[in-house]
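Colleague: Hello! I am new to this structure and would like a friendly tour. Could you show it to me?

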Amino acid sequence: MLKQTEGSHAVAEAVGLCRPEVICAYPISPQTHIVEGLGEMVKSGEVTDCEFINVESEFAAMSVAIGSSATGARTYTATASQGILFMCEAVYNASGLGLPIVMTVANRAIGAPINIWNDHTDALSQRDSGWIQLFAETNQEALDLHILAFKLAEEVSLPVMVCMDGFILTHAYERVDVPTQEQVDAFLPPYEPRQALDPTDPVSIGAMVGPEAFSEVRYLAHAKQMQALELIPKLAAQFKTIFGRDSGGLTHSYLTDDAETIVVAMGSILGTIKDVVDEMRQAGEKIGVLGISSYRPFPLDNVRAALQNAKRVVVLEKSLAVGIGGVVSTDVRMAMSGLQLEGHTVVAGLGGRAITMKSLHALFAKAIRGELERLTFLDLDWDVVNKQLERERTTRRSGPAAESMLRDVGVVAARIG
Amino acid sequence: MEKPFAITLDPGSSLANHTGSWRTSRPVYIDRLPPCNKQCPAGEDIQGWLFHAESGDYESAWRHLTRDNPFPAIMGRVCYHSCEGVCNRGQIDAPVGINSVERFLGDEALKLGWKLTPPSSESGKNVLVVGAGPSGMSAAYHLRRLGHSVTVFEAGPMLGGMMRFGIPKYRLPRDVLEAEMQRVVDLGVKVNLNTKVDNILNTMQDGKFDAAFLAVGAHIGKRARIPAGDAAKIVDAISLLRSMEGEEKPMLGRRVVVYGGGNTAIDVARTAKRMGAEPLIVYRRTRDKMPAHDFEMEEAIQEGIMVKWLSTITQAEESSLTIEKMALDDKGFPQPTGEFETIEADSLVLALGQDVDLGLLDGVPGLEVTDGVVKVAPNMMTGHPGIFAGGDMVPAERNVTVGIGHGKQAARHIDAWLRGEEHVPAPQHEVANFEKLNPWYYADAPKTVRPMLDIIRRQSTFDEVQGGLDESTALFEARRCLSCGNCFECDNCYGVCPDNAVIKLGPGKRFEFNYDYCKGCGMCVAECPCGAIKMEAEEI
Amino acid sequence: MSFQPVHFYQTGTFTVGNRLLEPSERSVQANIQRTNSLNSGHRACQGCGEALGARYAIDAAMNAARGRLIAANATGCLEVFSTPYPETSWQIPWIHSLFGNTAAVATGIAAAIKVKKHKGEMGDVRVVAQGGDGGTTDIGFGCLSGMFERNDDVLYICYDNGGYMNTGVQRSSATPPAARTATTMPVGPEPGNQFGQGKFVPAIAMAHEIPYVATATVADLRDLEYKVTKAMGIRGARYIHILVPCPLGWGAASEDTILLARLAKETGIFPVFEAENGEVTGTLKIRRKQPVEAYLQRQKRYAHLFGKKPAVETIARLQAAADKNIRKYGLLDQEAN
């Protein structure tokens, strides 16, 4: 059923259709609307046989999820930013125990400085946590990925993060096609756990494993993600037969077949990039876009296949690996190893900084001209940065950097006195 | 379910890990000797029979008891229960009332007509027992149970010996005495009353006896050299008590002075009180030095019996006595002070001890008699092969319980001797003294006080002074037993083992250690209430 | 003779079992077929109080739940010694997630059970969470408080041995004053752990006004089983705090574990009580009151108080703290006072 609705609400409806049994909620922007919506659905009886638990922290949220999932209940939670860091220990634990929890990450920057706006630093900080991480490009895909995520998680017995850009997707009202319960039921069977806490068949879950078996356990986690790599395209195909839409999968290529320049990105920025690419194509530039939908497992082969005929690759990412540069681009470059390609990393949109078509036009043109540096910070205000660096060079007690720079750029919200 | 590798494990699989290899010392179950058992002159397994009584199985308790002593109803009345003096419970609150439970069991047996177990086979041997007192009848019982043919020769007209002639009715009702004697006779013991043995060797030969046990008792009252006028009425205590059993009661007058400080002195005084006299005990030392049991003295005082301490009688006349006051010297011995007084007395009863009539042994070769008693070897045999002796006629403390014990020991040795063997008693276990116990586990429970006959009644009648326990109080009292040194299946070891290394075998079967898992922490030993486990070093 | 019930048994209710009691009146631990929820072969130290307390408590809970029980376990000694790959000592469904999240994991289990029960996919299964004092009073405290506050249907059992024993005996907020740990060295004028610090979580649990809070020790099995059984009969958040001596961390003889737990209670150092809906409703009275020295002197962690120059003032402060407990919780019978 087509609906004009908020991204968060669309996700809530999708999760509700998946017949969740336990939902843990702790408020953090920008995921709050999702759990608010689910809470309403549970309370109103729209979602039945579901426990909605208001927990005291994200750490508790993931821990409650671990308990309920280990007891065989289909379990969902949502978080963002600081929240995912606060639950980090439990995030690793959930995947280590092979619990198919589905969690929405409404992507948001990580402080300090505290910032509620979108980038991908939060999700990517959990890159090695063992979770499957899927990135949504649109609200429709966010909705669809949740349905796919439960099926994927339960088939491989691994937790799945569905990442959607905070505010940009979560708070955007768009038209989405909400599937029927029958469709979802046809796609997603009841959860049959691989292991569960059950008095009729008692097991001990969470043993202490020493050097004699730890590597094997970790390898098996990797092997499971490799299985997921196989499974994700199959599930996308199944999904299409039932729902009639392309959703999920490992990567999405757009005009890459003959492209000399390929832009690689994840999430909602892909839409803006595609608009720019369309315009540049009209101007005759052979440029295309590769969207990565599955960040973990990372589809090295698909990415390589998509990029191998290009001349240059621009990885535009909303994350920064401080001290080296890109996060996604590191993986892309691994996929490119051996290929003679120009590789560029562009860090953009941190903390909600708008990525404009104008800036992208200029950026891609520069890349095509061969003038783009290996690492670029898009639209960085060099005046402010240089001023602060100078201040720190000359003054020992230079004060808090973020507040100083805010004063420099004239934003007064944080003014003191 | 198909479990994820390594992270998920099968339940209880740690049994594969034998932690017993960590151990440097191991607990082992043992039986220690309870102090009461060790103390009992009759060799009763007191803890053993109390164990049955605790569960209300009084017949089993009585059968266990009578393995060693056939007279619980008598013992429950007259035994001085030194077992209670050593009872570990005394260090917690008060000793277990062993004696009163024994009496309850004895009375219960008489009430319900329980019979002693007859021998399972006959040995074909004839044994003579001389004297139907506690020692002789005990020996007769044990010998009979061992399958021997037993004949008792008794000089007096009735069974019981000193139990009848030396113990007043108010302490031992005669129906009780007779019933317990009869029960031994019922086992097939032949009894010849009014049959004094004058020459033991002749009697044995005449009766074709293979062995004899002599227990003639000490029935001759000791006399003191007191200057006395012709009219002075002086009798000895044992004659007096014996005459109480006859038709004609002795005439003592109103003012009766009893001379002595032993239990017999008190028995006489209390007897006189019941006959309407005003008895006065004269004793040369002080109360704490008197040989009589304190509880008997206490009961006598309650009954209004007066005592003159630190006094000796120097002269007896028809209606008065001259008394010299004494003073204790540095060593606690009484010394004359030269200070005299005269007291009125219608009669004087001498309770100064008894001697044995050893006439039947005249001419028996090999015997050794010292201080008026017959020496016996550790196996109770006199210097003459085949003649054993016990009770008051051998060197030992003189009381009913010792006599019963002698009877049992002699019976076992006679039995062995008849087979040409030697009876070797099983080595005694280490004693379970208080330090071996963990008294925390015993709930506070003061001793049940047996009902005492109303004071006025006992001053004027020969009714039994001390009543028995009823069933519930007897049960309570039995359950006060700490079961020193012997597992009573409290499950503590089974419970407190952090390694579940104690196997519970079920009711009556106790426990076993599972040394595969026992780490040797020692908690079971520390928390065993009764000291029935000890640690032993592992051989490494 | 008319029927007269006999109320007194040979050893009262202090021993584990009692052959004279009706089977229904006997302790769970006395049962020849007890669950042994924590099986033999675990790797706890000799005389481990926590291993004992855990079996006491979980067996009682299993008994009360008729075998339908799931346990969540915090990281710590209990977890490490019971479940090193490839063997587990647990005979019940059991999960270990993290050090600080056990109460929340249990909440999740309870939530799943509630749903599954409603759907008819599961019977009435109950949940216990368990951890040491570090996992409870320190790192797991946030989740514990959250579980309490939501009144989730979880029985949380804390095995308190007064420190981080698994990591080598460091201080926790349950380490008693003056005790030596690897991080509270007995140096300076006030040796050992400081006075005026730490927290008593049972009182904090009571402040949440949860249905049931109790303390217990491994020395009073019947009391412990009574409390676990009672707690299992109640729905909502319940908390039982069990004192479990640690031979290693306390520097005590392995056979003294129960004795020390008993002395902690008999001195008043550890008050044993129960509380319903935030109010104390019962105390286990001191039976044979002892001075604190009787407890302290058997433990090397207090050895510095009894050196050449005994720390008289420190001992007096510990006695005062015990006396305060006795007053506050009414630990002595009136006549014994």
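Modeller: Gladly, and here is a definition to begin with: helices (H or I, at least four residues) and strands (E, at least two) are DSSP runs, numbered from the N terminus. This is a predicted model, in which local features need pLDDT of at least 70, side-chain atom pairs count only at pLDDT 80 or more, and totals for chains, interfaces and linings use all residues. Residues are numbered from 1 along each chain as its sequence is written, while chains are lettered from A and ligands numbered from 1 in the order in which they are written.

Colleague: What radius of gyration does chain C have, and why does it agree with a compact globule?

Modeller: The radius of gyration is taken over C-alpha atoms, and the globule rule is 2.2 Å times the number of residues to the power 0.38. Because chain C has 337 residues, a compact globule would have a radius near 20 Å, and chain C agrees with a value of 20 Å.

Colleague: What percentage of the residues in chain C is buried?

Modeller: A residue is buried if 20 or more other C-beta atoms lie within 10 Å of its own, exposed if 12 or fewer, and partly exposed in between; the C-beta atoms are placed from the backbone. Of the 337 residues in chain C, the buried share is 62%.

Colleague: Is strand E1 (residues 69-73) of chain C mostly covered or mostly open?

Modeller: In a regular strand the side chains alternate between the two faces of the sheet. Leu69(C), Ala71(C) and Asn73(C) point one way from E1(C), Ile70(C) and Ala72(C) point the other way, and all are buried. With 5 of its 5 residues buried, E1(C) is mostly covered.

Colleague: Which residue is the bridge partner of Asn73(C) in E3(C)?

Modeller: Two strands pair if DSSP finds at least two bridges between them. E1(C) and strand E3 (residues 126-132) of chain C run parallel and are joined by 5 bridges. Within E3(C), the partner of Asn73(C) is Gln130(C).

Colleague: And which residue stands opposite Ala71(C) in E2(C)?

Modeller: E1(C) also pairs in the parallel sense with strand E2 (residues 94-96) of chain C, over 3 bridges. There, the residue opposite Ala71(C) is Trp94(C).

Colleague: Over which residues of chain C is the pLDDT below 50?

Modeller: pLDDT is the predictor's confidence in each residue, from 0 to 100. Chain C has a mean pLDDT of 93, and 95% of its residues reach 70 or more. The stretch with pLDDT below 50 covers residues 1-8.

Colleague: Which helix supplies the largest share of the side of chain C that touches chain B?

Modeller: Two residues are in contact if their C-beta atoms, placed from the backbone, lie within 7 Å. By that rule, 46 residues of chain C are in contact with 50 residues of chain B. Helix H1 (49-64) and helix H9 (257-267) of chain C each supply at least two residues of this side. The largest share, 4 residues, comes from H9(C).

Colleague: Turning to chain B, which helix gives the most to the side of domain 2 that touches domain 3?

Modeller: Domain bounds come from an automatic or database domain assignment, and in chain B they include domain 2 (39-114 + 443-478) and domain 3 (126-219 + 356-418). 20 residues of domain 2 of chain B are in contact with 21 residues of domain 3 of chain B. On the domain 2 side, 5 residues come from the helix that gives the most, H4 (residues 72-78) of chain B.

Colleague: Is Pro118(B) buried or exposed?

Modeller: Pro118(B) sits in the loop between helix H6 (98-112) and strand E3 (126-130) of chain B. Because Pro118(B) has 11 C-beta neighbours inside 10 Å, this residue counts as exposed.

Colleague: Which residue in E1(B) is the bridge partner of Ile205(A)?

Modeller: The contact takes 16 residues from chain A and 11 residues from chain B. Strand E9 (204-205) of chain A is one of the elements giving two or more residues to the chain A side. E9(A) and strand E1 (residues 8-9) of chain B pair in the antiparallel sense over 2 bridges. In E1(B), the partner of Ile205(A) is Thr8(B).

Colleague: What ipTM does the predictor give the complex?

Modeller: The predictor gives two values for the complex. Alongside a pTM of 0.90, the ipTM is 0.95.
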